[in-house]
Amino acid sequence: MLKKVGKAAIFTDKSSDLISGNTPKKTTLDILTKTIYKGKIATIKAILKDEDGNLVANTKIQLKINGKLYYATTNSKGVATFKISSLKVGKFRVTADYVGNTALLKSSNTKYQVVKGIPDLIIKKSQKNRAIAIKLLLKIKVQLSLLYLS
């Protein structure tokens, strides 16, 4: 149904009334997290796009993790970056929210931030480290042999 009111065209689909051409666009909010080790800073990114895939800049995003709220503003690439420290070992629910405005609808998303414990020993593969690891292994074997002989 289309009605003329002044210079604007108004239509209805029986579920809501909208002014033609002024309908807010849908938005999507993506969250990027990486697994970290205890004691490290978690860098969590929230990316806001409109329904056409355009990145939305200069927009406030709220992040909730471990019961605490954080706020950041999206940059020119639509990315809001959060630096979270002091997370204990575990899996934390991360919720990002965009409240919306007259041009863009609100959106929300949830992911998980994983924090692992600090390992006792980390061995990385490389030629230099391999030689060191072999020497270390030989020293341990020699010391164990001497220990059993005494």
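In this predicted model, the charged end of Lys91 sits over the ring of Tyr112, 4.9 Å from its centre.

The strands were examined next. An open sheet is formed by 5 strands, and their order is β5-β11-β10-β7-β8. The pairing in this sheet is mixed. The edges are taken by β5 (36-37) and β8 (68-73). Each of these has a single partner strand, so one side of each is left without a neighbour in the sheet. Strands β7 (residues 60-65) and β10 (residues 90-98) run antiparallel and are joined by 4 bridges. Within this part of the sheet, Lys64 has Thr95 of β10 as its bridge partner.

The nonpolar core was then considered. In soluble globular proteins, nonpolar side chains tend to be buried together. Here the largest nonpolar core holds 22 residues. Those with the most contacts inside this core are Ile44, Ile61, Leu63, Ile65, Phe82 and Ile84. Two or more residues each come from β4 (27-32), β6 (42-50), β7, β9 (79-84) and β10.

Leaving aside residues up to four places away in sequence, Ile61 touches Leu29, Ala46, Leu48, Tyr70, Tyr71, Ala72, Thr74, Ala80, Phe82, Ala96, Asp97 and Tyr98.

Notes:
Residues are numbered from 1 along each chain as its sequence is written. This is a predicted model: local features need pLDDT of at least 70, side-chain atom pairs count only at pLDDT 80 or more; totals for chains, interfaces and linings use all residues. Side-chain values use heavy atoms; hydrogens and water are left out. Two strands pair if DSSP finds at least two bridges between them. A nonpolar core is a set of buried Ala, Val, Leu, Ile, Met, Phe, Trp, Tyr and Cys residues joined through side-chain atoms within 4.5 Å. Buried means under 20% relative accessible area, exposed over 50%, partly exposed in between (1.4 Å probe, protein chains only). Contact means heavy atoms within 4.5 Å. A charge sits over a ring if NZ of Lys or CZ of Arg is within 6 Å of the ring centre and within 35 degrees of the ring normal.
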